[in-house]
Amino acid sequence: MSVPNEENLSHSQLSTHFFLDLLDSIIVDVASECHRVARLGLDSNLEEEDEELKLSAQARVRAADPSNTNEANGKYVVDIFGQTHPAVANEIFECMNCGRSIMAGRFAPHLEKCMGKGRKARLKVTRSSTAAQNRYSRGSPVSTYSNYSTNCMNRLANGSSIFAGDEHSNGTLES
Amino acid sequence: MKPKASVNRPPTPDVVENAPEREPTLQELINVKLIETGEKERLMELLRERLVDCGWKDEMKSLCRSVVKKKGRNNVTVDELVHVITPKGRASVPDSIKAELLQRIRTFLVSAAL
C-alpha cells in the first residue's frame, strides 16, 4: 500500500470535485423539470390531493363527533357524506307476485307470506296462480320439469308456477 | 407588465474580459479532457440512471412538489427549488452510487495521465 502522496490526495479531491459537479448539474435539471411542471399546471394531481385530504379530514371530524356515532339515538345518524337514512327504507313499489304496493323495508316479510314459507301461502296458490304465471318465473327448477305434486293436484293452465317447496305441477292434471 | 422572472439567467460573459494569458488550472484541464473525450457525458448519463433507479429523483421531485404546494404554483422560481434540493440531494445519494462514480472518475484521471 503506497503512502498517500500529494498526487493521490489531489486525485481524490479532484474526483470528488467532479462528482459534485455532475451531481449539481443533475440537481439543477430536476429542479428545472419540476419548476416547468408546476408552472404549466401539468401536475394535476396536486390540487386533487389537497381536496381529498380536506374531505377526509372533515369526514374524520364528523365520525369522531360523539353525538353522531350512537345509532340508538334514532333515525338521525349521519354518514360520511352527510346523509341521513331512516331506519326502515321507505321507497314504495309493486310486488311482482301479488301486485300490491309494498314498502321497500317491508318487502322481505311480505314476500315470505306472499310466496310460500307460511301456511297461508300454500292456500293462496290456487287463487293467485293466474296473476303470477305469466310474469314470474324462478331461476331454478323449470317449466318442462315433470313432477308429481304430493299434497294436492292443481289444475293449471299452461306455464308453471313454482313456489318454495313441493308445489310443482305441469300441464293439466286430472284428479 | 412583465411577469416575475422565475428563471434566473446570468448575463453572457464578455469575450474581452477573459484574460488570454491566464494559466489553465489542473481542474480546467481535466474538465476539458472530460468533455472532449465524451467521458463527462457518459458519466452524467450513468449517474442520472443510477439516481433514477434508486428513487433519489422521486424523492427530489416530491420535495419540489411540497415547496410548490406551500408557495403556490406560480410563485416558485428555479432558484428556490435548487436551494431547497441541493443540500438534501447531496446528502442522500446512496454510498454505492457515489463510490461507483468516484471510481470511474479516478480511473479516467489515471488514464488521462494528469
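I began with the salt bridges and found 10 of them over all chains of this structure (a side-chain nitrogen of Lys or Arg within 4 Å of a carboxyl oxygen of Asp or Glu). I note that this is a predicted model, in which local features need pLDDT of at least 70 and side-chain atom pairs count only at pLDDT 80 or more, while totals for chains, interfaces and linings use all residues. Residues are numbered from 1 along each chain as its sequence is written, chains are lettered from A and ligands numbered from 1 in the order in which they are written, and side-chain values use heavy atoms, with hydrogens and water left out.

**Entry: salt bridges between chains**

I looked up A:Asp29 and B:Arg48, whose side chains form a salt bridge at 2.7 Å, N to O. A:Asp29 sits in helix H1 (residues 6-40) of chain A and B:Arg48 in helix H2 of chain B, so this pair joins two chains. Helices here are DSSP runs (H or I, at least four residues), numbered from the N terminus. For the interface of chain B and chain A, the rule gives four salt bridges. I also checked A:Glu33 with B:Lys57, where the side chains meet in a salt bridge at 3.5 Å, N to O.

**Entry: the interface**

I listed 43 residues of chain B in contact with 33 residues of chain A (heavy atoms within 4.5 Å). The two chains bury about 3,500 Å² between them, and 72% of that is on carbon and sulfur atoms. Buried area is the accessible area (1.4 Å probe) that two parts lose on being put together, summed over both. B:Lys69, B:Arg73 and B:Arg90 supply 17% of the area that chain B buries against chain A, more than any other three residues.

I then looked up which helices of chain B supply the side that touches chain A. H1 (26-37), H2 (39-53), H3 (56-71), H4 (78-91) and H5 (95-111) each give at least two residues. H3(B) gives the most, with eight residues. By class, that side of chain B has 24 nonpolar, eight polar and 11 charged residues. Ala, Val, Leu, Ile, Met, Phe, Trp, Tyr, Cys and Pro count as nonpolar, Asp, Glu, Lys and Arg as charged, and the others, Gly among them, as polar.

**Entry: helix packing in chain B**

I took H1(B) with H2(B): they pack at an angle of about 80°, with axes 4 Å apart. Axes are lines fitted to C-alpha atoms, for helices over the stretch in contact, and angles run from 0 to 180 degrees between N-to-C directions. H1(B) and H2(B) are therefore roughly perpendicular (65 to 115 degrees). Residues making this contact include B:Leu34 and B:Ile35 of H1(B) and B:Leu43 of H2(B).

I next took H2(B) with H5(B), which pack at about 170° with axes 10 Å apart. That makes H2(B) roughly antiparallel to H5(B) (over 145 degrees). The contact has eight nonpolar, no polar and five charged residues.

Note on methods. Angles under 35 degrees count as roughly parallel, over 145 as roughly antiparallel, 65 to 115 as roughly perpendicular and the rest as oblique.
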